[in-house]
Amino acid sequence: MQLDCNGKLLDLSRPQVMGVLNVTPDSFSDGGDFFSPEKALAHALDMEAAGAAIIDIGGESTRPGAVEVSLQEELDRVIPVIERLQPRLGVPMSVDTQKPEVMRAAVAAGAGMINDVNALRAPGALEAAAGCGVPVCLMHMQGDPRTMQSAPEYDNVVDEVHGFLAERAAACRDAGIPGEQILLDPGFGFGKTVEQNLALLAGLAVLTDTGYPVLVGLSRKSMIGKLLGVEVEERLPASLALAVLAVERGASLVRAHDVAETWQALQMCIALQEAGKG
Ligand code: 9MG
């Protein structure tokens, strides 16, 4: 399965890594590391060389408690980076944004996918994404980043996340986005307790059975810290384990900070799948 991402292809016939590029001063694990355009560019090229099949570029942190940034600030952070990477990257870029104006400007600058943690619910976002003509990733989030971790509640987290994503996918199709351009994401850590995250991972087949490719973001997330008592910079082994567990349950795309290590882990899943044992 190949997705056309604004002229660059994303091959989802096998699991792939989405490299994280946060052009922010305050993201939870790498805030400030790639805030200057030069550092952002170098990091994106490094992630491509390490095996990333797509680079996800965001200018607004979505960590719990993050403050919103203005439209102009977000544009100023991401658009110059996308413009400069467009001729230099062989792999596509996605733009991590909730704002319709950023979606349009990013795709005009060369981005090939929209990654919206708000599942295109902002006013005008659905229409903007449909007009852009690129694939979209719809993520589930209960609440918003400022409040989402205060007391998340579900009767059945797997059914509720599935129902929400199915409804958003239908809204996308009604707005003219073809089904082949839709990815789903359960939104690990976005308004979920550790137990709810684990239930979602255990029940991931409910999402992969929809036929839409499933993206997961588990890299360095706080559920690892809460379960194991380890700091952000010590979460690589658990992040790799979670990536493999997600791929074993049918995930197609793994959003990760540590691209080389994650790609190495996924290649073992692929080897087993290709040997007919996976
Ligand atoms: C931007 N961002 C941060 N975490 C994420 C996750 O888990 N999934 C997606 N799609 N985007 C994320």
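These are my notebook entries on a predicted model.

**Entry 1: ground rules**

I am working with a predicted model, where local features need pLDDT of at least 70, side-chain atom pairs count only at pLDDT 80 or more, and totals for chains, interfaces and linings use all residues. Residues are numbered from 1 along each chain as its sequence is written, and side-chain values use heavy atoms, with hydrogens and water left out.

For the elements I use DSSP runs, numbered from the N terminus: helices are H or I runs of at least four residues, and strands are E runs of at least two. I call a residue buried under 20% relative accessible area, exposed over 50%, and partly exposed in between (1.4 Å probe, protein chains only). Two strands pair if DSSP finds at least two bridges between them.

**Entry 2**

I began with strand β1 (residues 2-5) and looked at where its side chains go. I then found β1 joined to strand β2 (residues 8-11) by four bridges, running antiparallel. Leu-3 has Leu-10 of β2 opposite. Two residues lie between the strands of this hairpin, and Asn-6 there takes a positive phi near 60°.

**Entry 3: strand β3**

Why is β3 (residues 16-22) largely enclosed by the rest of the structure? I checked burial, and seven of the seven residues of β3 are buried, so the strand is largely enclosed. Gln-16, Met-18, Val-20 and Asn-22 point one way, and Val-17, Gly-19 and Leu-21 point the other way.

Next I looked up the partners of β3. With β10, β3 pairs in the parallel sense over four bridges, and Gln-16 stands opposite Leu-253 there. With strand β4 (residues 54-58), β3 is joined by five bridges, also running parallel. The bridge partner of Val-20 in β4 is Asp-56.

**Entry 4: Phe-34**

I went on to the loop between β3 and α1 (37-49), where Phe-34 is found. Is Phe-34 buried or exposed? Phe-34 has a relative accessible area of 15%, so I count it as buried. I also compared Phe-34 with Leu-21: they are 13 residues apart in sequence and 7.4 Å apart in space, C-alpha to C-alpha. I then listed contacts (heavy atoms within 4.5 Å). Setting aside neighbours within four places in sequence, Phe-34 touches Leu-21, Asn-22, Val-23, Lys-39, Ala-40 and His-43.

**Entry 5: β6 and β7**

In strand β7 (residues 136-139), I saw Val-136 and Leu-138 pointing one way and Cys-137 and Met-139 the other, and all are buried. Strand β6 (residues 113-116) runs parallel to β7, with three bridges joining them. Cys-137 in β7 is the bridge partner of Asn-115.

**Entry 6: helix α9**

My next stop was α9, which has 13 residues. From its first C-alpha to its last α9 reaches 18 Å, close to the 18 Å expected at 1.5 Å a residue; the expected span is 1.5 Å times one less than the number of residues. The buried residues of α9 are Ala-238, Ser-239, Leu-240, Leu-242, Ala-243, Ala-246 and Val-247. A handy reminder: an α-helix has 3.6 residues a turn, so residues three or four places apart point the same way. The buried residues of α9 pack against α6 (194-202), β9 (215-217), α8 (222-228), β10 and α10 (259-274). Just after α9, Gly-250 takes a positive phi of about 105°.

**Entry 7: cavities**

Last, I looked for spaces on a 1 Å grid over the protein atoms alone, where a cavity is a set of points where a 1.4 Å probe fits but cannot get out, and lining residues have an atom within 4 Å of a point. Grid points are joined across faces, edges and corners, and a volume is the space filled by probe spheres set on the points.

How many cavities of 30 Å³ or more are there? I got two. The largest has a volume of about 60 Å³, and its lining includes Leu-218, Ser-239 and Arg-255. The elements giving two or more residues to that lining are α9 (236-248) and β10 (253-256). The second largest cavity holds about 40 Å³ and is lined by Gly-217, Leu-218, Ser-219, Lys-221, Arg-255 and His-257.

Terms used:
1 Å grid on protein atoms, 1.4 Å probe; cavity = no way out; pocket = protein on both sides within 12 Å on 5 of 7 lines; lining within 4 Å.
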